[in-house]
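Subject: Structure handover and notes

Hello,

Please find the structure below. My notes on cavities, salt bridges and backbone geometry follow it.

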Amino acid sequence: MKRMRKTISGYTIIILFLTLILITGCVSSSTKTDSSSQEVDAKPDLLEEVKVPVKGDNHLLDLHGKKVLALYKSSDNQKESENEIYYHLSKLLEARGMTILYRDIDQGIPDDRLMEDVRAIISWFRGPSMVNPEAYLDFLDRSIISNRKVIIIDNLGAYQYRYDDPAKEEYVDPNRINLTLAKLGLWYRGDWTDNPDLIEIAYKNSEYVEAHEPQDVRQSAFYYKFIPVDRDLRVFLSLHRKDRQDEASPVVTINKNGGFIFTRYIYHNKPDKPPVILINFEKFLDTALFPKVTEEKLLLLTNINNESTKKTYEFIVGILKKSRLNFDILDYTQFDNLLSGDLNKYSTIGLILNSDNKLKSKDFKEYLDNGGSVVSLSGGDFPGLAPSLAASVIPAVPEGFTGYQFKTGFIMGENVALKNSEMKWQRGNLKPADDALILATDASTQNPLLWTAERGKGTVLVWNWNGFLGAGLIGLSLESFLYVRPIGVAATMGMAHMFIDDWPLPMYDIPKEPLPRITDTEYYTKIWWPDIKALLESRNIPFSNYLIFNYNATVNAPFLGSEFYASVSQSPSKIAREIIAEDLELGYHGYNHMSLTLEATSVNIHKWPGIRAMTGSLEEGRRTWSNLLGPETLPFSYVAVNNIISRDGIAALSHVFPGIKIISALHWGVGEETYTDFGPHETIPELYYFPRITYGYQFEPIVRNLLISGAGGPGIISHFIHPDDVYDPYRSGNKTWEELKQEFIEMLDFTQMNYPWIKWVDIREAYQNLVMQETYSYKFRVSGNTLHIKTHPGAMFRVRPNRGLRLKNNKGAEIIYKYTNMPMLILKANSHQVTLEFTK
């Protein structure tokens, strides 16, 4: 029986390019057990729920609100309107959009209800003791873990227990204190002295700690030893004890979790005069609560539950993760809590919205004026943000646009420009400003879909369409983030793999159209296989082959299979053994061409009645394989039949074939196939997805564009072909094998010309690369015209120097490839620290 389908539905026109605006999601890979089946599952472990996490969950921000909890102690003779926070900080906090909630810590630890709208905690205690200091330290720990800032000014207030009997003293274990202080980057070691002759200033940042007069240790005369335990700790004042040989003690500090200002170095008391404040609280609070950019980090603003942008959001989160770009996500439900200062720490803001509702235009203008970058990734209604997006609003938006044309220089490659005349898309309500540079239009060139402009000291880039609803062009979103930065940078995989699905396959020794003069067996064994093998080997392209035993629709035992042995010459078996003997990769495609899912689809018409039946077919396939080829050759990788596999199918496959470490379906699309990112399975850590991006022999515009997107996104080319396309008028385009082969050669030539740094690897090396990439960490920081990278030797990344910058000095990396027609470098780290210096 002829297989039902092996390829992407609707290849060239795929639904992705027909009804994007109507799409609300791709096919679910979850399944339901057939309620009509009386089958009792003999393997309950296969029915365990595979919980797929919402993409990006661990990046979601909770701003908590706009309140600051101001802590004081009545036992220190402080009151709500008579405390240092009220005197010195209240106006500064209110000017930044925050409200202050005062709390006497002597009245007890704040409960969760009180903390609901609190984004930061500031304490200013005069004394060292409280009734329950450990409970208070626990409270600070919980607050920091929940992403609330904590600023400690003057005394920690929790060094000792307070008793009614003033003669009774009991100190908190320093190790317990340090559990909390370590979160602020400090470790308390005691070693107190109040002898000014033993104290000297080791370092000071006068802008922060000498607001109204110089620091003076003779007036402060107080020392405790603190050790910095956070490599990113910012120190504004440190002390040294002259009779010790140790390092300086930091006493005014800020880290990602908050800040610390040590007692006696805050102000100087003056006889009969108000104290002189030493700390520049305006700068200190801005730096602690609203830190400026210290590394390349993105903020995605989106509405997670909005169906019109949800898929775009999920695809972009996937590409950012694979590119190892640091990012946070702020959902629409948090927009009311957004303060202008919250944007400061991000190098780029990405908008995945169809409306600018709740966003303040002045915040974005201020952000761009300070040198930030903005990328809008979805067309929509943006009347408030239009000026910041280098645009004006069109009152009435016409419906329906077709195709696209990109200028060269935006997309990675040697003079590569994308073109398409079929894709249907809808634009937003924006029209580019006169000073905007148009980077792409529709096919008619009359309707801009992508533009860029300088605003303030920053750069904006606007996609005025809904074309990212499918992942086919999602690599261009990464290109966008690199384009707007002075020096754009992202990790890349730099690898490619070639899949041959359904090979070897059953052969029937019969002639078939359009080759009536030779049998299918003769075509496969004497023409196609020698040709494709020689072609790929001549270019040093490793490839994996995916064996299929039958094309029947059997879904219940007994699983009888004889198609693989139909040919008199037994060519399928001989080719399978040849592949193994030559150390080529032989993977598994199936006992038959039934997708491993319990749900019927338009492709998978005859569904499995239950997991036991599905598992039975897999077990029969394993027995057949072991008998024919030997158990030591059992497969390492699996290609999903029809590119469809459910979580139940994955569980069954892993149970029967525990040696399979790679599962491949598709990387993009909006049809019924299964779409995954590259990387580990959600609950089976040793199992990895390696989806396919491009397909076939015909080098059509859609295939070319998908290839470009894969190279420019994850840095992966993942292509699959079949042996029998010549027999399928749709997949062959009614072309001969020689014509198909020539187009395939053109595709390989195009890949080599534009992406010579992408290495073709076998599937086992691809797996190892994916595993290794999960262990790599990257930290990117741009300082002026210098890019600093912290990573692992061997890690690959690409760098886009914009605004006329060119590389001057390179320390710690090897240049793998330098593009001649656009500003792009491909590098590999040979050190943990990479420094790239650029100049105009």
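The model is predicted, so local features need pLDDT of at least 70 and side-chain atom pairs count only at pLDDT 80 or more, while totals for chains, interfaces and linings use all residues. Residues are numbered from 1 along each chain as its sequence is written, and side-chain values use heavy atoms, with hydrogens and water left out.

Cavities

A cavity is a set of points, on a 1 Å grid over the protein atoms alone, where a 1.4 Å probe fits but cannot get out; lining residues have an atom within 4 Å of a point. Grid points are joined across faces, edges and corners, and a volume is the space filled by probe spheres set on the points. The search of the whole structure finds six cavities of 30 Å³ or more.

The second largest cavity holds about 60 Å³ of space. Its lining has eight nonpolar, four polar and no charged residues; among them are Tyr588, His589, Trp608 and Tyr638. Helices (H or I, at least four residues) and strands (E, at least two) are DSSP runs, numbered from the N terminus. On that numbering, β32 (585-590) and α14 (611-629) each supply at least two lining residues, and β32 gives the largest share, three residues.

The largest cavity holds about 80 Å³. Its lining includes Glu296, Phe481, Arg485 and Val489, and divides into five nonpolar, three polar and two charged residues.

Salt bridges

A salt bridge here is a side-chain nitrogen of Lys or Arg within 4 Å of a carboxyl oxygen of Asp or Glu. The count comes to 43. For accessibility, buried means under 20% relative accessible area, exposed over 50%, and partly exposed in between (1.4 Å probe, protein chains only).

Two residues from the lining of the largest cavity, Glu296 and Arg485, form one of these bridges, with the closest N and O atoms 2.8 Å apart. Glu296 lies in the loop between α8 (281-289) and β16 (297-302) and Arg485 in the loop between α11 and β27, so the pair ties together parts 189 residues apart in sequence. Both residues are buried.

Asp342 and Arg119 also meet in a salt bridge (2.8 Å, N to O). Asp342 is in the loop between β17 (326-331) and β18 (348-352) and Arg119 in strand β3 (residues 118-125), so this pair ties together parts 223 residues apart in sequence. Asp342 is buried at 12% relative accessible area, and Arg119 is buried at 9%.

Glu774 pairs with Lys322 at 3.6 Å between the closest N and O atoms. Glu774 belongs to helix α19 (residues 763-775) and Lys322 to helix α9 (residues 307-322), so the bridge ties together parts 452 residues apart in sequence. Glu774 is partly exposed at 33%, whereas Lys322 is buried at 3%.

Backbone

Cis peptide bonds join Glu513 to Pro514, with omega about 10°, and Ala557 to Pro558, with omega about 5°.

Ala221, not a glycine, has a positive phi near 45° and is buried at 11% relative accessibility. Asn734 has a positive phi of about 60° and is exposed at 65%.

Regards

Note on methods: On a 1 Å grid over the protein atoms alone, a cavity is a set of points where a 1.4 Å probe fits but cannot get out, and a pocket is an open set with protein on both sides within 12 Å along at least five of seven lines; lining residues have an atom within 4 Å of a point. Ala, Val, Leu, Ile, Met, Phe, Trp, Tyr, Cys and Pro count as nonpolar, Asp, Glu, Lys and Arg as charged, and the others, Gly among them, as polar.
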